[in-house]
Amino acid sequence: MPESKTYHGQCHCGAVQYDVTTDLGSMGDCNCSRCRRLGWVLQSAPASQFTLTSGAENLTTYRFNSENIEHLFCKTCGVESFARGRDGKGAETVMINVNCLEPPVAVDRNAIKHWDGANW
């Protein structure tokens, strides 16, 4: 099992930045209409392990379908580097876009879990 460590993430222009502590052990992708188009690689983390370090004023929200997930993206570059919501038990969770971590993290797309968000 991978070891937890703190990662730095950001949008493309760097206006929105965060730190998150996670083990990257449950990366996945989703086939919902939004994630499929964006090519996200997802990793969830408890909200308590996430710190937005800059750019709160530069975030804008998009909600769709059940409107349970707060998709947050940078007003300047348009990149969604993370989203907020609740897990199946109601705990506050942040979903990290692993593709937005710096330095970049190697992702084996054949080894990640596949979430059927289209039928959720």
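# Cysteines, charges, strands and rings

Colleague: How many disulfides does the count come to, if a disulfide is a pair of cysteine sulfur atoms within 2.5 Å?
Modeller: A disulfide is a covalent bond between the sulfur atoms of two cysteines. This is a predicted model, in which side-chain atom pairs count only at pLDDT 80 or more, local features need pLDDT of at least 70, and totals for chains, interfaces and linings use all residues. Residues are numbered from 1 along each chain as its sequence is written, and side-chain values use heavy atoms, with hydrogens and water left out. By the distance rule, the count of disulfides comes to zero.

Colleague: Are Cys-30 and Cys-32 buried or exposed?
Modeller: Buried means under 20% relative accessible area, exposed over 50% and partly exposed in between, with a 1.4 Å probe and protein chains only. The relative accessible area of Cys-30 is 12%, and that of Cys-32 is 10%. Because both values fall under the limit of 20%, Cys-30 and Cys-32 are buried.

Colleague: How far from Asp-23 is the nearest side chain of opposite charge?
Modeller: A salt bridge needs a side-chain nitrogen of Lys or Arg within 4 Å of a carboxyl oxygen of Asp or Glu, where Lys and Arg count as positive, Asp and Glu as negative, and His and the chain ends are not counted. Asp-23 is buried yet has no salt bridge. The nearest side chain of opposite charge is that of Lys-113, and its distance is 8.3 Å.

Colleague: How many bridges join strand 4 to strand 9?
Modeller: Strand 9 (residues 92–97) runs antiparallel to strand 4 (residues 42–46), and Ser-44 stands opposite Met-95 of strand 9. The number of bridges joining strand 4 to strand 9 is five.

Colleague: Which residue in the hairpin of strand 8 and strand 9 takes a positive phi?
Modeller: Strand 8 (residues 82–86) and strand 9 pair in the antiparallel sense over five bridges, among them the one in which Ile-96 is the partner of Phe-82. Five residues lie between the two strands of the hairpin. The residue with a positive phi, near 90°, is Gly-90.

Colleague: Which residue meets Glu-92 in a salt bridge?
Modeller: The structure holds one salt bridge, with an N to O distance of 3.8 Å. Both of its residues are exposed, and the partner of Glu-92 is Arg-86.

Colleague: How many aromatic pairs does the count come to?
Modeller: Rings of Phe, Tyr and Trp (its six-membered ring) pair if their centres lie within 6.5 Å, and planes under 30 degrees apart count as stacked, over 60 as edge-to-face and the rest as tilted. The count of aromatic pairs comes to three.

Colleague: How are the rings of Tyr-18 and Phe-50 paired, and what is the name for that arrangement?
Modeller: The ring centres of Tyr-18 and Phe-50 are 5.1 Å apart, and the two residues lie in strand 2 and strand 5, so the pair ties together parts that are 32 residues apart in sequence. Both Tyr-18 and Phe-50 are buried. The planes stand at 35°, so the pair is tilted.

Colleague: Which residue forms a tilted aromatic pair with Phe-50 at 4.7 Å centre to centre?
Modeller: The angle between the planes of this pair is 45°. The partner of Phe-50 lies in strand 8 and, at 0% relative accessibility, counts as buried. The partner is Phe-82.

Methods. A disulfide is a pair of cysteine sulfur atoms within 2.5 Å. Two strands pair if DSSP finds at least two bridges between them. Helices (H or I, at least four residues) and strands (E, at least two) are DSSP runs, numbered from the N terminus.
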